[in-house]
Amino acid sequence: MSKRKKNQATRGTYKKIFDFFNAPVMQVDCGAKCAPLNGGEPVCCSADNAIPVVQMSEWKVLRSRTDMWKNFIPVDAASRKIVEELDTTCKAIECNGARNCERDNRSLACRTFPFFPYIDKDGDIIGLSYYWDFEDRCWVISNMALVEQDFVDEFIKAYEILFENDPGEYEVFCDHSASMRRVFSRWKRPFAVIGRDGEYFKVMPKGAGMKKIKDKDLPKFDPFTTKKAFDKAVREAEEEASK
Ligand code: SF4
Ligand code: SF4
């Protein structure tokens with residue numbers, strides 16, 4: 001008898017998503033933009049910054065297609081805690097690194113980073129917002145106007161398929177969206193969302209609604225605000241590395 005819980009994404013769900021979801025986030029090699037601040041490795045491709053977590057069904061699909069993924073072995077107390085607290089339906093994994101990346105065999109998290117599906121209080125999928133912990137390290141978050149509509153379309157389609165097959169995943173992102181609203185309300189800051197049709201919004205703090213904005217009003221974060229700030233951060237990272 002299968003141990004898979006009812007209403008959970010199956011291998012078929014992930015295969016279906018991986019069959020079409022290949023659009024690049026943008027026509028820029030963004031890894032080349034953030035790697036100089038991260039010892040030469042793209043920030044999201046290093047388990048030191050983000051431990052990839054997949055559902056067991058996703059893991060089975062990836063494992064059947066490639067040997068570029070392996071079990072993640074915790075390296076310290078913090079990563080051990082993350083692994084120990086994972087639900088039994090999930091698994092922490094690690095790839096062979098950016099130089100050996102096989103685009104067609106990336107996990108769903110790789111294909112979507114730094115974005116997650118933003119769901120409003122009414123439960124509607126409004127579009128894409130971003131993992132705010134990475135504002136200061138991910139160049140894409142400061143250049144959201146360059147995100148391609150093909151990527152947005154495939155992203156939304158992928159999550160609609162996932163949510164249809166796995167209501168638990170929908171709940172996860174409802175909760176994550178609510179967390180983002182709470183965090184930014186505490187910071188008294190709006191946050192940006194790319195709408196399903198490529199329009200841009202800012203979600204106001206303290207439940208004050210959502211406003212349409214122009215691309216010039218999308219946020220930029222240090223050190224990606226100016227070339228001078230970026231060059232300074234790269235110099236500092238190089239000095240730190242040479243100590
Ligand atoms: S998505 Fe962000 S963190 Fe990942 S490679 Fe691109 S700029 Fe770097
Ligand atoms: S599979 Fe590719 S995109 Fe995903 S973390 Fe590894 S190197 Fe980065």
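**Strands, aromatic pairs and the ligand shell**

Cys44 is partly exposed, with a relative accessible area of 37%. In this predicted model, Cys44 lies in the loop that runs between helix 2 (31-34) and strand 1 (53-55). Cys44 and Cys34 are separated by 10 residues in sequence, and their C-alpha atoms are 9.2 Å apart in space. Both residues belong to the surroundings of ligand 1, which also include Cys30, Gly31, Pro42, Val43, Phe113, Cys138, Trp139 and Val140. Sorted by class, this shell consists of 9 nonpolar residues and 1 polar residue, with no charged residues.

Asp166 is located in the loop between helix 6 (149-165) and helix 7 (167-186). Asp166 has a relative accessibility of 3%; because buried means under 20%, this residue counts as buried. The side chain of Asp166 takes part in a polar contact of 2.9 Å with the side chain of Gln55. The Asp166 side chain also reaches the backbone nitrogen of Ala9, at 2.9 Å. When residues up to four places away in sequence are left out, the residues touched by Asp166 are Asn7, Gln8, Ala9 and Gln55.

The strands were examined next. In strand 4 (residues 115-119), 5 of the 5 residues are buried, so this strand is largely enclosed by the rest of the structure. Strand 4 pairs with strand 5 (residues 125-130) in the antiparallel sense, over 5 bridges. Within this pairing, Ile119 is found opposite Ile125 of strand 5. The hairpin formed by strand 4 and strand 5 has 5 residues between the strands, and Gly123 in this hairpin adopts a positive phi near 90 degrees.

Strand 5 in turn pairs with strand 6, again in the antiparallel sense, over 2 bridges. Here Gly127 is placed opposite Gly195 of strand 6. Strand 6 is likewise largely enclosed by the rest of the structure, because 5 of its 5 residues are buried. Phe191, Val193 and Gly195 point one way from strand 6, whereas Ala192 and Ile194 point the other way; all of them are buried.

Strand 6 also pairs with strand 7 (residues 200-203), in the antiparallel sense and over 4 bridges. In this pairing, Val193 stands opposite Phe201 of strand 7. The hairpin of strand 6 and strand 7 has 4 residues between the strands, and within it Gly198 takes a positive phi near 90 degrees.

Aromatic side chains were considered last. A pair of aromatic rings is described by two quantities, the distance of the centres and the angle of the planes. The count of aromatic pairs in the model comes to 19. One of these is the edge-to-face pair of Tyr118 and Phe191, with 5.4 Å from centre to centre and 75 degrees between the planes. This pair links distant parts of the chain, as Tyr118 lies in strand 4 and Phe191 in strand 6 (residues 191-195), 73 residues apart. Tyr118 and Phe191 are both buried. Ring pairs also join a set of residues into a cluster, among them Phe21, Phe113, Phe115, Phe116, Tyr131 and Phe134. Further members of this cluster include Phe151, Phe155, Tyr159, Phe163, Tyr170 and Phe173.

Note on methods. Residues are numbered from 1 along each chain as its sequence is written. Chains are lettered from A and ligands numbered from 1 in the order in which they are written. This is a predicted model: local features need pLDDT of at least 70, side-chain atom pairs count only at pLDDT 80 or more; totals for chains, interfaces and linings use all residues. Side-chain values use heavy atoms; hydrogens and water are left out. A residue is near a molecule or strand if one of its heavy atoms lies within 4 Å of it. Ala, Val, Leu, Ile, Met, Phe, Trp, Tyr, Cys and Pro count as nonpolar, Asp, Glu, Lys and Arg as charged, and the others, Gly among them, as polar. Buried means under 20% relative accessible area, exposed over 50%, partly exposed in between (1.4 Å probe, protein chains only). Two strands pair if DSSP finds at least two bridges between them. A polar contact is a pair of N or O atoms within 3.5 Å; within protein, one must be able to donate a hydrogen and the other to accept it, and residues adjacent in sequence count only if both atoms are side-chain atoms. Contact means heavy atoms within 4.5 Å. Rings of Phe, Tyr and Trp (its six-membered ring) pair if their centres lie within 6.5 Å; planes under 30 degrees apart count as stacked, over 60 as edge-to-face and the rest as tilted.
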